[in-house]
Structure formats: C-alpha cells, structure tokens
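Here is a short briefing for anyone meeting this structure for the first time. Take a look at the model, then follow the topics below.

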Amino acid sequence: MKNQKVELAITGMTCDHCATGIENRLLKTPGVRAAQASFADGRCKVEYDPEVTSEQAMADAVQHNTAYRVTGLKAADPVDQKADGTAPYDLLIIGGGSAAFSAAITAEGLGLRTLMVNGGLDFGGTCVNVGCVPSKNLIRAAETVHRASHSHFPGIKPKGADIDFAAVIRGKKELVATLQQEKYMDVVSDFQGLTLVKGTATLVSDRTIEVDRKQRYKGLKILIATGATTHVPAIEGLDKIAYLTTESLFDLEEKPAGLTILGAGYIGSEVAMAYVRLGVRVRMIEFTDRVMRTQTTDISAAIMEAMTDEGIEVLPNMRVQRVEMHGTNTVLHCVDAEGSAHQLVEPGKVLVATGIKPNTAGLGLEQVGVQLDRTGHVQVDAGMATNIPGIYAVGDVANTPPFVYTAAYEGRIAVQNAFTGQHTEADYTAMPWVIFTDPQVAGVGLDEAQAEAAGLPFEVSKLPMTAVPRALAAQDTRGFIKLFRHTGTDHLLGARVVAPEGGELIQLLSMAMTHGITVAQLAQSMYPYLTLSESIKLAAISFGKDVSKLSCCAS
C-alpha cells in the first residue's frame with residue numbers, strides 16, 4: 001500500500017516553536033514519513049504508512065502530556081487514487097437515516113469531505129418515511145376519532161366521527177414528504193463537504209466501498225448506518241401471500257376489511273390501537289403468553305386490558321405454522337401452547353410485526369472481518385467502533401438501543417471519536433423511551449426484574465393513577481407509576497409509567513437520574529396541583545407514607 005497523507009487540525013499551539021515540537025513528535029512515531037506543521041494555520045500535514053501507524057496513533061503522539069489537541073482530521077491528498085479518478089473522502093457513510101444525517105452534520109462541522117450512500121428507503125430512513133412520523137401521525141388521528149366517540153363523563157354523550165380513511169392516509173403522506181424534505185434534504189442542501197449517492201454499497205476493504213457493483217470510493221473512515229427492517233419469520237406459505245409490514249401498511253389508502261397482526265410487541269401494539277380506532281377489526285397473534293413480553297407482567301396486563309376494552313382480539317400462546325389463500329381470504333393455521341390446532345380466517349390483511357433485524361446482508365462485512373453479535377447486529381464498543389480500526393457502526397444496525405434519538409446521538413459520537421482524537425462513550429443509563437399505546441407505556445433505567453438481576457439493593461413504589469388528582473379530575477384513572485430507588489443512596493435506579501400521556505413524565509425522571517436527584521428531593525419539590533407530573537411527587541412520597549392519608553397538595 002502507498003503512503004497516505006492526512007491533515008491534522010491542532011489547537012494549543014502558541015508559536016512556531018510549538019509547530020516544530022509537534023513535527024518532532026510525529027517524526028518519532030513509527031510509520032510517519034514526513035510532517036509539516038504551521039502555527040499560523042493550526043494545521044499539520046503528515047505523510048505516513050497506514051500499515052505501520054494510524055490517525056489515532058498520530059493524534060496520541062501529538063496530545064500525550066501536552067496542551068495540544070487534535071480537533072479535526074481530513075485527507076490532505078488523494079488516498080491511493082485509482083486510475084479511474086475515484087475521489088477520496090474523509091468519511092464514507094453507508095446509510096441515509098437519522099444516524100447517517102447526524103454523522104454528516106457533525107462531519108460538516110469538522111470540515112470533512114463526506115460521502116453518504118443510501119439504498120432502500122428514501123433519504124431520512126425508517127423514522128421519517130415508514131416509522132416514527134407516519135405511525136405517530138396515525139395514532140394521533142385515531143385518538144381524535146376515539147375522543148369523538150368515547151367520554152369518561154356521564155353527562156357527555158359523544159356522537160362519533162366520520163372517517164375518510166383515504167384522506168387520513170393522504171394527510172400522513174403529505175406530512176412525511178414535508179418532513180423528509182425540510183428536516184433532512186434541506187438541512188444538508190448547502191453542505192460544502194457532503195456528496196449524496198443513491199445506491200447499494202458493499203465494503204471492499206476497510207477503506208473502500210463499491211456502489212452498485214460499479215463505482216468504488218475510498219475514505220479514511222467508514223461509518224455503517226444501514227438501520228434495520230422487519231424480521232419476517234419462516235412460516236410456510238407466508239412468501240406466497242401479500243402480507244404487509246409497516247413499510248407498506250401506512251401507505252394503504254383503502255381501509256382493510258380486517259387486520260391480523262403477527263406479533264404483540266411495541267410495534268404491533270401501537271398499530272393495533274391506532275387501526276381499531278380508525279374502524280378496522282384487529283386481531284393479534286402472539287407466540288408468548290402476553291403482549292409486550294419485554295415488560296413486567298403488570299404492564300402487559302394493563303395494556304392487554306386496554307386492548308380488550310377497545311375490541312382488539314388478542315391470542316397469546318399461539319404460533320402460526322402455515323398460511324394460505326382461499327379466494328380473497330387468508331387462512332392461518334396455528335397451534336396453541338397445548339398443541340391444539342386452530343384455523344383462523346382473515347378477509348382483510350396480514351401484518352408482520354415480529355420484530356426487526358439489522359440490515360447487514362450484502363454489506364461485505366465478512367470480507368473485511370467486521371464482527372457481528374449473536375443477533376446479527378454489528379458489534380461496537382461504547383465509542384461506536386467495530387473490531388476493525390477505522391470502521392464504526394451506529395443506529396439500528398449496531399448492538400445499541402433501537403431508537404431514532406439514540407441513533408442520532410451515536411452518529412455524532414462516532415464522527416467525533418473518529419476524527420477529533422477524543423473518546424466519548426455512549427451512556428444509556430438514563431435513556432427514556434415511550435410506547436404510544438393508550439395508555440402510554442414509558443420507562444427509564446432499570447425495572448424491578450433488571451435491578452434484581454443486577455444484584456442491587458432496591459425498593460419499589462407503585463402508585464395507581466386512582467391516587468393522582470389529575471387522573472381523578474379527568475375521570476380516567478387507568479395505569480400506574482412505579483419508581484425504583486437504591487436503598488443505599490436514595491437515587492433512582494429507574495421508573496415505569498403506564499398512563500394516558502404518561503410519556504410526558506419520563507424526561508423529568510430521566511433528568512433526575514442524570515443529575516443525581518434523590519427520591520427524597522423528588523418528594524420535597526413543589527409540583528403544580530392537578531398536573532400529571534404531580535404523580536412523581538406522590539410516588540416518591542409513597543416510599544415512606546400512605547398518600548391516601550394525605551390531603552390535597554400535602555407532603
């Protein structure tokens with residue numbers, strides 16, 4: 001391999017003597033062939049042998065026991081340029097979703113030359129195109145219908161709502177198109193260092209990718225941000241029917257005659273509640289004993305009750321073995337936990353919502369030796385680095401929490417770690433999350449099962465919403481709030497909320513964990529009366545007092 005050239009951006013130089021000192025440090029680094037530093041420019045051009053040293057090793061040489069800091073790194077000259085004129089880049093991003101755009105924005109701020117290659121979905125990825133944005137839009141539309149048809153107050157008799165299903169879906173499409181343009185394409189439209197390419201990328205080496213088996217591109221670093229897609233189970237005959245996933249369901253303008261959902265996790269549960277409220281008959285088939293099996297049984301029971309109340313048919317402990325078409329009907333052949341056979345007929349549509357799988361197939365990861373975990377996700381460390389130097393992975397394709405905001409967080413961290421010489425580690429300890437059923441389910445940190453598995457000393461406070469004045473005033477007392485405190489430190493280990501709009505509470509609890517606010521401090525703080533947030537105070541008080549014995553606003 002030929003020598004390569006790189007330009008380091010360095011802070012901390014105060015004179016030309018500093019530049020000379022940096023040159024000497026670099027020239028003593030094995031593999032460095034030449035170094036030319038400039039105090040005036042705050043830069044140092046380095047020629048080096050990549051088989052002997054690395055950009056990180058050079059940054060370490062500059063920074064070790066000094067006030068100098070390497071704040072940027074980019075190719076100074078073409079890197080092993082091919083005869084076909086392939087241009088080099090500092091960063092090659094494979095993927096075009098939230099993680100990729102966050103990385104590109106960070107890279108632009110560092111003055112890097114970046115290539116983003118996106119295949120599959122439109123730029124913007126899952127969240128804006130087929131995930132968060134369309135699903136939450138339809139969930140809110142469904143809530144509007146529900147409120148027009150249901151009342152918690154005996155003196156109010158709603159008259160229902162007229163639903164133009166096709167118009168609802170068209171409105172969703174318009175919103176998706178607007179946000180995809182405004183929040184993704186417009187954001188990067190004036191970036192000087194970013195090139196966007198549509199196509200399928202494959203890794204050829206740890207520094208080279210090939211797009212659509214035609215064009216090759218080289219870069220100093222590679223970021224894998226290809227996301228995930230629906231995991232389709234190996235069910236006999238499933239590939240012969242026109243089943244749906246969330247990528248296709250949300251574009252269906254004709255209201256289905258019915259919807260059978262395979263899977264009762266958070267995706268299936270959100271879809272079920274939205275579509276039953278939009279007037280679709282919904283049935284869910286779950287191979288385990290309950291909905292939302294990743295949550296504790298009391299949470300599953302609360303959501304199961306809410307689903308049943310709304311007319312959703314839930315079939316737990318049921319496994320689909322074979323599907324076939326009989327005319328326009330889909331016939332699902334199932335077996336229950338006792339081995340008894342069942343035959344279900346669906347005149348409408350079948351939705352596969354059995355989890356997600358990382359988009360790693362065809363990337364060429366095995367060719368360069370990138371390690372995957374047992375679930376097929378790219379294995380990364382806390383700094384988003386893979387086992388191959390210079391290759392990083394972020395978002396749903398990596399073995400990290402599968403949320404759009406963690407993907408964006410990881411994209412920034414990966415680029416900063418790759419090019420600034422710093423090492424920031426992702427911290428998910430106080431990461432909040434929300435499932436948008438009704439009631440909503442929200443959480444942060446550990447629950448009781450996780451705290452027990454970790455061997456931590458803890459106590460649980462579980463406050464029913466029947467003890468919360470806001471819920472009583474709204475005459476909607478579904479759900480509860482649980483806090484988990486470390487008995488030694490009084491700090492929160494985690495929290496779970498099941499309540500209408502309960503997701504609005506979870507960021508406050510996340511901040512309490514982040515900043516070390518104790519349970520006692522939560523109990524002693526003032527909260528506006530008749531707000532949902534007051535439930536946090538009451539749950540905190542419940543560790544030591546029976547709140548039913550307290551007057552309003554008492555502590």
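Strand β12 (residues 259-262) runs parallel to β18, and four bridges join the two. Within this pair, Thr 260 stands opposite Val 350 of β18. The model is a predicted one: local features need pLDDT of at least 70, side-chain atom pairs count only at pLDDT 80 or more, and totals for chains, interfaces and linings use all residues. Residues are numbered from 1 along each chain as its sequence is written, and side-chain values use heavy atoms, with hydrogens and water left out.

**The parallel sheet**

- β12 and β18 belong to an open sheet of four strands, ordered β14-β13-β12-β18, with parallel pairing; two strands pair if DSSP finds at least two bridges between them.
- β14 (313-315) and β18 (349-352) each have a single partner strand, so one side of each edge strand is left without a neighbour in the sheet.
- From one strand to the next, the twist averages 20 degrees; axes are lines fitted to C-alpha atoms, for helices over the stretch in contact, and angles run from 0 to 180 degrees between N-to-C directions.
- Helix α8 (residues 266-277) packs on this sheet and touches β12, β13 (282-285) and β18, with its direction at about 165 degrees to that of β13; contact means heavy atoms within 4.5 Å.
- Helices (H or I, at least four residues) and strands (E, at least two) are DSSP runs, numbered from the N terminus.

**The antiparallel sheet**

- Another open sheet has four strands in the order β2-β3-β1-β4, and its pairing is antiparallel.
- The edges are β2 (32-38) and β4 (69-75), each with a single partner strand, so one side of each has no neighbour in the sheet.
- Strand β1 (residues 4-11) is joined to β4 by six bridges, and Ala 9 has Gly 72 of β4 as its bridge partner.
- Helix α1 (residues 16-27) lies across β1, β2 and β3 (43-48), at about 170 degrees to β2.
- Helix α2 (residues 55-63) lies across β1, β2, β3 and β4, at about 150 degrees to β4.

**Helix α11**

- Helix α11 (residues 404-419) has 16 residues and reaches 23 Å from its first C-alpha to its last, close to the 22 Å expected at 1.5 Å a residue; the expected span is 1.5 Å times one less than the number of residues.
- Its buried residues include Thr 406, Glu 410, Ile 413 and Phe 419; buried means under 20% relative accessible area, exposed over 50%, and partly exposed in between (1.4 Å probe, protein chains only).
- Among the elements covering the buried residues of α11 are α2, β4 and β10 (215-224).
- After α11 comes Gly 421, with a positive phi near 85 degrees.

**Strand β25 and its partners**

- In strand β25 (residues 492-499), eight of its eight residues are buried.
- β22 (residues 440-445) runs antiparallel to β25 over six bridges, with Val 444 opposite Ala 495.
- β24 (residues 480-486) also pairs with β25 in the antiparallel sense over six bridges, and Ile 481 has Val 497 as its bridge partner.
- The hairpin of β24 and β25 has five residues between the strands, and Asp 490 there takes a positive phi near 70 degrees.

**Cysteines**

- How many disulfides does the structure hold? The count is zero, a disulfide being a pair of cysteine sulfur atoms within 2.5 Å.
- The sulfur of Cys 18 is 3.7 Å from the closest cysteine sulfur, in Cys 15, which is too far for a bond.
- Cys 44 is buried at 0% relative accessible area, and its sulfur lies 13 Å from the closest cysteine sulfur, in Cys 18, again too far for a bond.
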